[in-house]
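Please keep the sequence and the model in view while going through the numbered points.

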Amino acid sequence: MTNKRLYHIGFGQDDLGASPPQIALLSGDRDRTHLIAQNYLQDVRLLSENRGLDSYLGYLPNHRPILSATSGMGAPSLSIVVNELVQVGIRQIIRIGTCGSIQPYVPVGSIVISSAALCRQGAANDIAPVEYPAAADPFLTVALVKASQELGFEHYLGITASVDTFYEGQERANSANPDLMRSLRGITEEYRRLNILNYEMECGTLFKMAGVYKFAAAAVCGVVAQRTVDEKVVLEQKEVAVGNAIATAIHAITNYFPSL
């Protein structure tokens, strides 16, 4: 039944109109979802505020329909939202997030476009085996790179470490748990030597779901921490980094995928 409203996202196919969108911009933060809808889309309509997983239907300047949706923090929440978005007809998803750099040449304020992920996530293991590749869609990824070049944004393309926890999993010892397990001590340096660019918490599961569910996925994240310097998030540059990530995704969709 097309009018079935799905339990977590709070809307169904019939809520998307006669020309439903096939592409979604997915943010962990509901405020970012709102920002995208209000500042980058036209004729915006709120679809749902269910469980903090806000979703908006809007249109690009070329009149293409698009969703701005919230995944929540972390891979388990994202896996629920993505499953239901695919059920209502979404076939391309671009994650727009934040991340921490682990390479000295990737500064705060820049953006990272993930070509693939080292996936250390429990949710992903329910989707596919550990060995299953977590790779971004090459066409969406190239479009993001071209867009960032044309907009003049400092950007880096490479592999992301996608992990389940913000503190222990990213080797942050300055927290309520300073006694990290031995398996996590030194892991950031190990990843640095493997030429991994950054830490984040969702795209590995997103990429594996894309492979299994047969949709296209990509990810672009604003760098808000430089882990070769400090564990802390640099809030002063977060707005610029996230704004550049959003603008990159919008430009890529508008100019390189005119007939999605």
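This is a predicted model: local features need pLDDT of at least 70, side-chain atom pairs count only at pLDDT 80 or more; totals for chains, interfaces and linings use all residues.

**Notes on salt bridges, pockets and surface**

1. Glu189 is partly exposed, at 32% relative accessibility, whereas Arg192, at 19%, counts as buried. In these terms, buried means under 20% relative accessible area, exposed over 50%, and partly exposed in between, with a 1.4 Å probe and protein chains only. The side chains of Glu189 and Arg192 meet in a salt bridge, at 2.3 Å from N to O. Both belong to helix 5 (residues 187-193), and because they are three residues apart there, about one helical turn separates them.

2. Residues are numbered from 1 along each chain as its sequence is written, and side-chain values use heavy atoms, with hydrogens and water left out. Helices (H or I, at least four residues) and strands (E, at least two) are DSSP runs, numbered from the N terminus.

3. How many salt bridges does the structure hold? There are six, a salt bridge being a side-chain nitrogen of Lys or Arg within 4 Å of a carboxyl oxygen of Asp or Glu. Side chains of opposite charge can pair when their charged atoms come close. Arg95, Glu200 and Glu202 are linked in a network of such bridges.

4. A further salt bridge joins the side chains of Arg30 and Asp54, at 3.2 Å from N to O. Arg30 lies in helix 1 and Asp54 in the loop between strand 2 (42-48) and strand 3 (55-59), so the pair ties together parts that are 24 residues apart in sequence. Arg30 is partly exposed, with a relative accessible area of 38%; Asp54, with 4%, is buried.

5. Asp15 and Arg5 also meet through their side chains in a salt bridge, with 3.1 Å from N to O. Both residues are in the segment before strand 1 (23-27), 10 residues apart. Asp15 counts as buried at 18% relative accessibility, while Arg5 is exposed at 57%.

6. The largest pocket holds about 510 Å³ of space. On a 1 Å grid over the protein atoms alone, a pocket is an open set of points where a 1.4 Å probe fits, with protein on both sides within 12 Å along at least five of seven lines; lining residues have an atom within 4 Å of a point. Grid points are joined across faces, edges and corners, and the volume is the space filled by probe spheres set on the points.

7. Which residues lie nearest the centre of the largest pocket? They are Arg32, Met73, Thr98, Phe166 and Met201, out of a lining of 22 residues. Strand 5 (92-101), strand 8 (196-200) and strand 9 (216-226) are the elements that give two or more residues to this lining. Strand 5 gives the most, with five residues. By class, the lining has nine nonpolar, six polar and seven charged residues. Here Ala, Val, Leu, Ile, Met, Phe, Trp, Tyr, Cys and Pro count as nonpolar, Asp, Glu, Lys and Arg as charged, and the others, Gly among them, as polar.

8. The second largest pocket has a volume of about 180 Å³. Its lining consists of Asp29, Arg32, Leu35, Lys238, Glu239, Val242 and Gly243. The lining divides into two nonpolar, one polar and four charged residues.

9. On the surface, Phe166, Tyr167, Val233 and Leu235 form a nonpolar patch with about 370 Å² of accessible area together. Such a patch is made of residues with over 30% relative accessible area and no salt bridge, nonpolar side chains (Val, Leu, Ile, Met, Phe, Trp, Tyr) being joined within 5 Å. Areas come from the Shrake-Rupley method with a 1.4 Å probe, and for residues only the protein chains shown count as cover. Val233 is located in the loop between strand 9 and helix 7 and is partly exposed, at 35%.

10. Backbone angles deserve a look at Asp43, which has a positive phi of about 50° although it is not a glycine. Asp43 lies in strand 2 and is exposed, at 64% relative accessibility.

Technical notes
Patches are made of residues with over 30% relative accessible area and no salt bridge: like charges are joined within 9 Å, nonpolar side chains (Val, Leu, Ile, Met, Phe, Trp, Tyr) within 5 Å.
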